[in-house]
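The following exercises concern the reading of a protein structure.

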Amino acid sequence: MPESRDRLSRPNDVAEAYARRRRTAERFGILPDESESDRTPFRWGSTPLTGGVSGQQIGLTQFNGRTTIRGGVTGKGLFGTTGTAYRHGGRSQNTPPSHGGGGIRRGRGGRTASQSVLPAWYPRTPLGDITHIVRAIERRRERLGESDGLTLGVPTPIRMYQDTADQDPSHSGAHLEHESLVTPKPKLAYKSFKPSNLGKAPLTFADLANRNSGDSEFITPQKRLLNSIDIIEKVVMQELNNLKRTPTAKKAEREKRVRTLMSMRIDDWRGIKSRLPPSPYALPIIGHLHLLAPIPHQALHKLSITYGPIFRFFLGSVPCLAVSSPELAKDFLRTYEASYLDRPRNATTVYLTYGSKDFMFAPFGPYWKLMKKLVMSDLLNGKTLDLLLPLRQDETNWFLHSLSQKAKHGKAVDVKGELMKLTNNVISRMLMSERCSEDENEADDMRKLVPEISEITGKFNLADYIWFLKNLDLQGYGKRVKEIHRRFDQLMERIISEHEDERTKKGNNEVRDLLDILLNISEDETMEMKLTKENIKAFILNLFVAGTDTSALTIEWALAELINHPRIMKKAVEEIDQVVGKNRLLEESDIPNLPYLQAIVKEALRLHPTAPMILRTSTEDCTVGGYLIPAQTLVFVNVWALGRDPQNWDDPLEFSPERFEGSQVDVRGQHFHMLPFGSGRRMCPGTSLAMQVAQVTLGVMVQCFEWKAGEKGDMAQVDMEEGHGITLPRANPLICVPVARLDSIIPSM
Ligand code: HEM
């Protein structure tokens with residue numbers, strides 16, 4: 001701080017001078033009626049004076065007779081003098097004002113021409129100390145005032161000092177008169193000044209001024225000066241105590257204490273423990289890992305019935321939190337969002353994403369913000385999606401063509417397998433103008449890679465949670481992850497170098513797909529942050545993993561529900577026939593006119609959210625729902641449980657798209673009892689794309705085919721059991737025989 005530098009840069013010999021003069025004065029009996037012990041020195045001890053050097057506190061500590069101003073100078077004697085020489089009109093701050101405006105007339109033991117009470121021999125610096133004390137109080141007030149709401153203006157207390165000084169220029173308060181105090185520049189001050197509290201000190205200074213002027217005829221100037229100092233000391237100490245007792249100060253103090261305790265992770269401190277969310281009994285070493293089997297979101301939902309909508313659990317030694325009410329979800333994802341913008345990372349995700357160089361697991365910071373800007377303005381925004389519409393239509397035609405071939409031969413299909421081809425091809429063509437299934441080997445690789453990555457990312461790797469297993473690959477996941485990563489990297493290297501060759505050949509930066517946009521950005525020297533090849537690869541991995549499995553599974557669950565609910569299936573087909581007719585294929589532009597189809601997809605996402613839990617990590621201690629949530633807690637918002645909560649939904653387990661008819665409830669993170677795409681800044685950026693693909697694909701599937709469940713098409717119902725994995729797969733694949741309904745409208749490829 002400039003002030004402290006100023007102090008440090010000036011050698012402080014004034015205290016020494018004062019002590020020397022004082023000894024001389026005592027020798028000559030100038031201070032006969034007072035002993036050192038009678039006076040009340042400024043004993044700051046450990047009492048911090050705020051607003052000082054550290055920006056937090058000025059601490060004047062008496063230590064071995066030396067009074068130290070932290071960050072400032074060290075001076076001997078009672079007052080840690082600063083030696084700061086404030087200048088005003090060419091004279092020192094502590095110098096009594098002279099009539100001539102510059103020079104000072106002094107006489108030994110006499111008064112200056114300005115009628116100052118100070119004898120000429122008396123050092124001016126102690127008054128400088130008072131100035132600093134007063135300034136420290138002001139600064140402390142300002143800082144305390146920050147939480148009350150601050151505004152620009154002139155601090156009222158300073159005005160009062162000025163008034164006081166105006167009343168009696170000869171008293172010590174007059175010496176506070178220097179440029180920075182009496183004519184303060186606009187600075188932070190209280191919005192509303194509370195005289196009850198803040199006005200006390202200045203008024204008491206005014207009292208002091210009056211008292212001094214009244215007494216002045218009976219006591220010596222020296223005595224008067226020391227009395228003044230004593231009174232000022234008392235006033236200052238009283239003021240400091242008052243400040244310490246203000247509700248704001250108390251709150252700040254309490255919060256600081258809590259933060260300290262929380263950072264020590266001392267759960268056993270009763271006071272803290274009672275404010276932590278409830279928790280089931282934990283086993284040593286593994287914590288609650290055993291309670292999360294076999295399917296974590298279901299297990300957490302069951303536990304929430306006993307422990308409530310917010311409870312703590314431990315994965316090994318890692319503290320976690322399960323949240324399953326809309327109100328609390330809102331708190332975590334909106335109200336206190338700033339503390340929950342990071343995602344938990346584990347060894348698998350870090351390794352697969354080239355050391356968190358991706359977008360999905362990137363910590364909230366400049367890189368994530370840059371990528372988010374790119375995603376929203378260039379990669380997945382409405383305009384780019386419109387541009388890529390023909391490509392999606394083309395892929396839908398390929399998908400229908402493939403199903404039609406199976407239908408012609410009465411063959412059963414693995415619905416998820418077919419859907420994965422579609423969603424992989426859509427993402428792959430949008431990203432890099434390549435169909436996954438064109439080259440059989442490569443197609444195989446990408447199509448196999450994505451579910452493998454989803455599966456391995458969803459596994460609980462003990463090495464992540466039990467510290468002494470950190471370097472042991474007991475479950476063999478480490479080896480598998482390395483192999484998957486090698487295959488993915490090889491594939492990406494080939495695709496990127498093909499793109500680069502193509503660009504060099506053409507000699508321009510023509511944009512064909514999202515990879516071209518990313519390569520252009522990576523070559524742009526003016527970008528605030530360089531996008532590396534690893535960033536590009538990791539981002540592509542994100543889009544494949546986040547965008548293909550989730551969309552395919554949503555459509556699969558929705559079709560399974562329609563098969564089990566023939567009435568709803570019939571109603572959906574009727575709506576499509578009515579709106580689109582039987583002579584053409586349903587298109588994306590028809591969706592706004594198909595509310596029942598939209599409702600079916602929403603209902604499927606409510607009961608079968610393919611990202612069943614939103615995962616975040618707390619970056620700082622925070623109080624949510626009345627509970628203390630320490631930093632570095634993994635937060636699991638149980639979207640699956642929210643969608644099935646009887647307090648939020650009538651007949652929650654019933655598949656009933658009608659509940660969304662005429663309802664405003666949406667999937668875009670505004671309704672916290674339905675969060676299939678998350679909410680807030682880290683909400684899914686692929687929501688629009690996912691909804692378009694899901695609605696159109698399900699629409700054309702029921703428009704063009706009837707669906708008979710089972711290998712032979714003879715099952716009336718399908719099971720709805722959930723399997724393992726991070727993206728809510730079915731336990732048993734949906735196998736159906738498609739029977740052509742409107743074969744004539746399926747384009748031949
Ligand atoms: C039905 C399909 C989908 C579902 C259910 C889904 C769901 C989600 C959810 C719940 C999140 C976490 C949100 C949060 O933390 O608040 C997420 C994040 C993400 N999703 Fe999706 N998603 C789907 C499709 C897509 C698609 C098609 C893409 C892109 C092509 C995509 C890309 C991403 C990315 C990149 C993130 C990470 C965002 C970030 O961390 O800032 N998702 N998704």
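**Exercise 1. The shell around the ligand**

Which helix gives the largest share of the shell around the ligand?

Solution. The model is a predicted one. Begin with the size of the shell: 26 residues surround the ligand, and the closest are Gly547, Ala611, Gly678, Cys684 and Gly686. Next, list the elements that give two or more residues to this shell, namely helix 22 (533-547), helix 23 (549-564) and helix 27. The largest share, 4 residues, comes from helix 22. Finally, sort the shell by class: 15 residues are nonpolar, 10 are polar and 1 is charged.

**Exercise 2. The packing of helix 24 and helix 25**

Determine how helix 24 and helix 25 are oriented to each other, and state which residues make the contact.

Solution. Two packed helices are described by the angle between their axes and the distance between the axes. For helix 24 (residues 566-580) and helix 25 (residues 595-607), the angle is about 140° and the axes are 8 Å apart. An angle over 145 degrees would count as roughly antiparallel, and one of 65 to 115 degrees as roughly perpendicular. Helix 24 and helix 25 are therefore oblique to each other. On the side of helix 24, the contact is made by Ile568, Lys571, Ala572, Glu575 and Ile576, and on the side of helix 25 by Tyr596, Leu597 and Ile600. By class, the residues of this contact comprise 6 nonpolar, no polar and 2 charged.

**Exercise 3. The packing of helix 23 and helix 25**

Carry out the corresponding analysis for helix 23 and helix 25.

Solution. The axes of helix 23 and helix 25 lie 9 Å apart, at an angle of about 105°. Angles of 65 to 115 degrees count as roughly perpendicular. Helix 23 and helix 25 are therefore roughly perpendicular to each other. Thr554, Trp557, Ala558 and Glu561 of helix 23 meet Ile600, Val601, Ala604 and Leu605 of helix 25. The contact of helix 23 with helix 25 divides into 6 nonpolar residues, 1 polar and 1 charged. Ile600 of helix 25 also takes part in the contact with helix 24.

**Exercise 4. The largest nonpolar core**

Which residues of the largest nonpolar core touch the most other members?

Solution. The protein has 749 residues, of which 41% count as buried. The largest nonpolar core holds 131 residues, and Val323, Leu559, Phe636, Val637 and Leu698 touch the most other members. Helix 27 (residues 687-704) gives the most to this core, with 11 residues. Take Val323 as an example: leaving aside residues up to four places away in sequence, Val323 touches Pro309, Ile310, Leu328, Ala329, Phe332, Val635, Phe636, Val637 and Asn638.

**Exercise 5. Backbone details in loops**

Is Ser356 buried, exposed or partly exposed?

Solution. First, locate the residue: Ser356 lies in the loop between helix 13 (347-352) and helix 14 (366-379). Its phi is positive, about 55°, although Ser356 is not a glycine. A residue is buried if 20 or more other C-beta atoms lie within 10 Å of its own, and exposed if 12 or fewer do. Because Ser356 has 18 C-beta neighbours inside 10 Å, Ser356 counts as partly exposed.

Gln632 may be treated likewise. Gln632 is in the loop between strand 14 (627-629) and strand 15 (634-638), and its phi is near 65°. With 15 other C-beta atoms within 10 Å, Gln632 is partly exposed.

Key
Residues are numbered from 1 along each chain as its sequence is written. This is a predicted model: local features need pLDDT of at least 70, side-chain atom pairs count only at pLDDT 80 or more; totals for chains, interfaces and linings use all residues. Axes are lines fitted to C-alpha atoms, for helices over the stretch in contact, and angles run from 0 to 180 degrees between N-to-C directions. Angles under 35 degrees count as roughly parallel, over 145 as roughly antiparallel, 65 to 115 as roughly perpendicular and the rest as oblique. Two residues are in contact if their C-beta atoms, placed from the backbone, lie within 7 Å. Ala, Val, Leu, Ile, Met, Phe, Trp, Tyr, Cys and Pro count as nonpolar, Asp, Glu, Lys and Arg as charged, and the others, Gly among them, as polar. A nonpolar core is a set of buried Ala, Val, Leu, Ile, Met, Phe, Trp, Tyr and Cys residues joined through C-beta atoms within 7 Å. A residue is near a molecule or strand if its C-beta atom, placed from the backbone, lies within 6 Å of it.
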